[in-house]
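Good morning, and thank you for coming. Please look at the structure on the screen while I take you through a few of its parts.

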Amino acid sequence: MAFPLSSAIFYHKLSLHVFIPPSVPKRVSLSTHFTVCSNQMLSKDPARKGRSRIPCFSKRKFSEEVAERHDFPANFYMSICRFGLKKLENLIAVILICVQISSPLPLFGWDSFSISPARAVLYSPDTKVPRTGELALRKAIPANTNMKAIQDSLEDISYLLRIPQRKPYGTMEGNVKKALKIAVDEKDSVLASLPVDLKEKGSTLYASLIDGKGGLQALLVSIKDQDPDKVSLGLASSLDTVAELELLQAPGLSFLLPGQYLKYPRLTGRGIVEFTIEKGDGSTFSPEASGEPRKTATIQVVVDGYSAPLTAGNFAKLVIDGTYDGAKLSRTDQAVISDNGLDKNKGYSVPLEIKPSGQFEPLYRTTLNVQDGELPVLPLSVYGAVAMAHSEVSEDCSSPYQFFFYLYDKRNAGLGGLSFDEGQFSVFGFNKQIHNCWERHSSTDKNWRCYSISKAGRRSRSPHIAK
């Protein structure tokens with residue numbers, strides 16, 4: 001049965017979208033061989049008010065067109081369905097790609113859709129952990145808030161200097177100007193926090209911080225010249241001055257020790273210990289610049305009581321008592337460890353003592369979970385970190401006397417460049433110029449791993465060892 005011509009009438013309820021290319025101004029051919037006249041006015045059918053009629057014309061003979069119109073509804077709706085399914089497939093593909101990028105999901109087993117990702121494996125801790133002993137010790141000083149703000153602005157520049165090629169000198173300049181503004185505006189507040197007997201020395205240091213040769217004004221000039229070497233030197237000089245001022249401000253311990261630990265010796269400041277070492281086979285150390293071979297070498301260890309007062313206090317007391325004189329040192333691939341055969345009646349088995357970054361006081365008898373973001377103020381992941389070994393009796397306590405120098409190697413580190421033992425030992429200081437002392441020798445030298453401490457002495461930086 002053929003459709004009458006009135007079957008070409010479309011009601012307003014049906015929406016037909018037709019794209020008209022610019023090159024075809026009047027007629028557009030559809031796949032069903034119908035042509036829609038888009039430039040004519042819609043005619044009103046007097047018999048059906050409110051309805052519009054689109055007259056359609058065929059390029060074929062009228063009889064052939066009438067025959068084809070019999071199949072038009074089926075072909076038309078099939079074309080729409082195929083077009084809709086194609087669009088739906090594209091939409092689902094786009095949604096799956098977006099979901100997979102934002103939150104990786106298992107696509108082969110939808111029954112495991114609710115399994116959470118292995119964060120313990122993929123989590124990377126904060127990479128801004130201090131990488132040098134000097135930086136870690138600066139951050140550990142409890143000082144005036146304004147001085148810490150100056151220090152933080154300058155410390156950020158050290159990270160910006162690591163950026164290769166085009167360095168962000170504009171950001172560096174902003175950091176120095178911020179530090180300089182604080183130093184000028186808060187001068188009275190900073191100097192007022194100094195002890196009375198140290199005000200004169202502090203005033204001299206503060207003036208050099210602002211206008212000195214290695215001060216903030218000179219650093220600003222180096223940044224404007226965009227000379228990375230001068231910026232690095234000027235930054236180091238300014239940070240050293242900041243650290244000296246902070247040490248003058250530090251009142252001692254900024255927290256109270258638990259009552260059960262008051263019986264242990266404690267260091268309420270910072271001190272320097274010097275070790276004079278010799279090689280076990282009697283050979284000499286490599287000469288320093290334009291020097292001669294040496295039979296002995298001197299190692300300076302900065303002992304920090306601000307972050308580990310009990311551990312540092314016990315170590316300082318052992319040094320003063322001469323416990324380490326003549327002690328043997330043995331090197332392994334990752335550490336230089338002191339002799340374990342010392343008098344077991346000397347020293348205290350102090351509890352494990354670790355101060356987390358951002359915390360007010362140390363934690364005792366507990367380790368840190370680095371994978372959850374807990375990082376210590378004094379990190380182990382620094383070449384030359386000094387820490388106490390664990391007690392033979394309990395992992396919750398440190399050895400009364402055995403200590404080690406940690407020889408950090410990033411090739412053996414874990415995620416974020418942190419040691420696998422980070423947060424497991426009581427780190428209480430860092431030593432200087434260690435690279436020249438623990439040098440490697442020929443593999444045929446059987447005694448190259450053996451050292452002895454001929455003398456251990458203390459150079460105090462106004463610390464107080466309470467007993």
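I begin with Tyr-324, which is buried at a relative accessible area of 1%; buried means under 20% relative accessible area, exposed over 50%, and partly exposed in between, with a 1.4 Å probe and protein chains only. A word on the source: this is a predicted model, in which local features need pLDDT of at least 70 and side-chain atom pairs count only at pLDDT 80 or more, while totals for chains, interfaces and linings use all residues. Residues are numbered from 1 along each chain as its sequence is written, and side-chain values use heavy atoms, with hydrogens and water left out.

Let us turn to the aromatic rings. How many aromatic pairs does a search of the whole structure find? The search finds 13. Rings of Phe, Tyr and Trp (its six-membered ring) pair if their centres lie within 6.5 Å; planes under 30 degrees apart count as stacked, over 60 as edge-to-face and the rest as tilted. Phe-275 and Tyr-324 form an edge-to-face pair, with 6.4 Å between centres and 75° between the planes. This pair links distant parts of the chain, 49 residues apart: Phe-275 is in strand 7, and Tyr-324 is in the loop between helix 11 and strand 9. Helices (H or I, at least four residues) and strands (E, at least two) are DSSP runs, numbered from the N terminus.

Phe-275 is also buried, with a relative accessible area of 1%. Its ring forms a stacked pair with Phe-403, at 5.7 Å centre to centre and 15° between the planes. Phe-403 lies in strand 14, so this pair ties together parts that are 128 residues apart in sequence. For Phe-403 the relative accessible area is 0%, and the residue is buried. One aromatic cluster includes Phe-275, Tyr-324 and Phe-403, together with Phe-315, Phe-405 and Phe-428.

I move now to the helices. Helix 6, residues 169-185, has 17 residues and reaches 24 Å from its first C-alpha to its last, close to the 24 Å expected; the expected span is 1.5 Å times one less than the number of residues. Among its buried residues are Tyr-169, Met-172 and Val-176. Helix 5 is one of the helices against which the buried residues of helix 6 pack, where contact means heavy atoms within 4.5 Å.

Lastly, Arg-365 has a positive phi of about 60° although it is not a glycine. Arg-365 counts as partly exposed because its relative accessibility is 40%.
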